[in-house]
Amino acid sequence: MLHYDLHCHSTYSDGLLPPADVVRLAASRGVEVLALTDHDETAGLEEAQDAAREAGITLVNGAELSVTWQDHTLHVVALGIDPANKTLHTGLENVRLGRDGRARRIAESLAQAGIHDALEGARAYVTSESLISRTHFARFLAEMGHVHDVRDAFKRFLAPGKPGYVPHDWTSLPDALAWIGAAGGQAVLAHPGRYRVTATDMRHLLAEFRDGGGAAIEVLSSSHTPAQNVEYATLARVFGLKGSCGSDYHGPGESWMEFGDLPPLPVGVTPVWDGW
Ligand code: AMP
Ligand code: MN
Ligand code: MN
Ligand code: MN
């Protein structure tokens, strides 16, 4: 079976490597089918496609959409999209615009906690003009010595309930699913084990996601424990959803998993790539 990794990031969102480097690194570590899934952005896909052709691997056009469901932020990975599709393109553009106002609010909130000039500081780490994320604030906080590293920055400042966290309205789940459908893609619920929802709410979410046209959930993710991998394999089967897998690679020193280290999809789960 081919080695699939259907979730990673480049400098077009909050990854550390340009798309071509991401592709070359993945290929060198045995990935044969890779999806580049930058946050709310598809601008890196052309470069990634060129690099994949050279490296002799398959690149799946992807993106990771930020969604608000109830009072939770969810991530929905889109696979096999046409990045030129107008509905998707305009939708993502609006989500990215929302990030600017949110970044200003994050900076204000950090200022109240005694950390000044964070907006300028975070912007110095931005590598794609229209995409500022909490990761860029995390790198700034680490550089300034306010925290040990990026993970520590989330733990102490950028996670829900912390002084630098601000709520934000992303796009709705129905809209995200509609955009992905319009662009001819498949929707995958990213790292379901990461959401702080009750078991009952997770079931509601999975049903809503499937009934709204969602195709799969990430059964294997670097943010899952081995027990969660098993749990979501079962839930995928129970809810009639396919299974996907992704390292969520962000770059050297900032990733929970290296390319090539994903285990095979558990037996009994229909892969999202079934029928590709
Ligand atoms: P944003 O889309 O701006 O809210 O940023 C979300 C990104 O922050 C995720 O895609 C991760 O790259 C990063 N992130 C979130 N939580 C953590 C964490 N606990 N440790 C390290 N990075 C994190
Ligand atoms: Mn990220
Ligand atoms: Mn994510
Ligand atoms: Mn991701």
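Predicted model: local features only at pLDDT ≥ 70, side-chain atom pairs only at ≥ 80, totals over all residues.

**Entry 1: manganese ion (ligand 3).** Three residues coordinate the ion: Glu64 through OE, His75 through ND1 and His191 through NE2. I noted distances of 2.1 to 2.2 Å. Along the sequence I wrote the donor spacing as E-x10-H-x115-H. Next I looked up where the two histidines sit. Histidine 75 is in strand E4 (residues 72-79), while histidine 191 is in the loop between strand E6 (186-189) and helix H8 (199-211), so this pair ties together parts that are 116 residues apart in sequence. I also checked their accessibility: histidine 75 and histidine 191 are both buried. For the gap between metals, I read 5.7 Å from the manganese ion (ligand 3) to the manganese ion (ligand 2).

**Entry 2: manganese ion (ligand 4).** Which residues coordinate the manganese ion (ligand 4)? I found His7 (NE2), His9 (NE2), Glu64 (OE) and Asp248 (OD), at 2.1 to 2.2 Å. The spacing of the donors to ligand 4 reads H-x1-H-x54-E-x183-D. Then I placed two of these donors. Histidine 9 lies in the loop between strand E1 (4-5) and helix H1 (19-28), and glutamate 64 lies in strand E3 (residues 58-69), so the pair ties together parts that are 55 residues apart in sequence. Buried or exposed, I asked of histidine 9? Histidine 9 is buried, at a relative accessible area of 1%. Glutamate 64 has 1% relative accessibility and also counts as buried. I read 4.5 Å between the manganese ion (ligand 4) and the manganese ion (ligand 2).

**Entry 3: ligand 1.** I turned to the pocket next. Ligand 1 sits in the largest pocket. Helix H3 (86-112), helix H5 (134-143) and helix H6 (150-158) are the elements that each give two or more residues to the shell around ligand 1. I listed the residues around the ligand: Asp14, His39, Arg99, Arg102, Ser133, Arg134, Thr135, Arg151, Phe154, His250 and Trp256. I then looked up polar contacts to the oxygen atoms of ligand 1. The side chain of arginine 134 has an N or O atom 2.8 Å from one oxygen atom of the ligand. For histidine 250, a polar side-chain atom is 2.9 Å from an oxygen atom of ligand 1. For the side chain of aspartate 14, the distance from an N or O atom to a ligand oxygen is 3.0 Å. How much of ligand 1 does the protein bury? Taken alone, ligand 1 exposes 500 Å², and the protein buries 82% of that.

**Entry 4: asparagine 85.** I found asparagine 85 in the loop between E4 and H3. Its relative accessible area is 16%, so asparagine 85 is buried, the cut-off being under 20%. I traced two contacts of its side chain. The side chain of asparagine 85 reaches the backbone nitrogen of leucine 88 at 3.0 Å. A polar atom of that side chain lies 3.2 Å from the backbone oxygen of alanine 182.

**Entry 5: asparagine 94.** I placed asparagine 94 in helix H3. With a relative accessible area of 49%, asparagine 94 is partly exposed. I also looked at its position relative to tryptophan 170. Asparagine 94 and tryptophan 170 are 76 residues apart in sequence, and their C-alpha atoms are 9.4 Å apart in space.

Note on methods
Residues numbered from 1 in each chain as written. Chains lettered and ligands numbered in written order. Heavy atoms only, no water. Donors = N, O, S within 2.8 Å, 3.2 Å for Na, K, Ca; no water. Helix = DSSP H or I, 4+ residues; strand = E, 2+ residues; numbered from the N terminus. Buried < 20%, exposed > 50% of the residue type's maximum accessible area, 1.4 Å probe, protein only. Near = heavy atom within 4 Å. Polar contact = N/O pair within 3.5 Å; in protein donor to acceptor, adjacent residues only side chain to side chain. Areas by Shrake-Rupley, 256 points an atom, 1.4 Å probe, with all protein chains shown as cover. 1 Å grid on protein atoms, 1.4 Å probe; cavity = no way out; pocket = protein on both sides within 12 Å on 5 of 7 lines; lining within 4 Å. Sits in = over half its atoms within 2 Å of the grid points.
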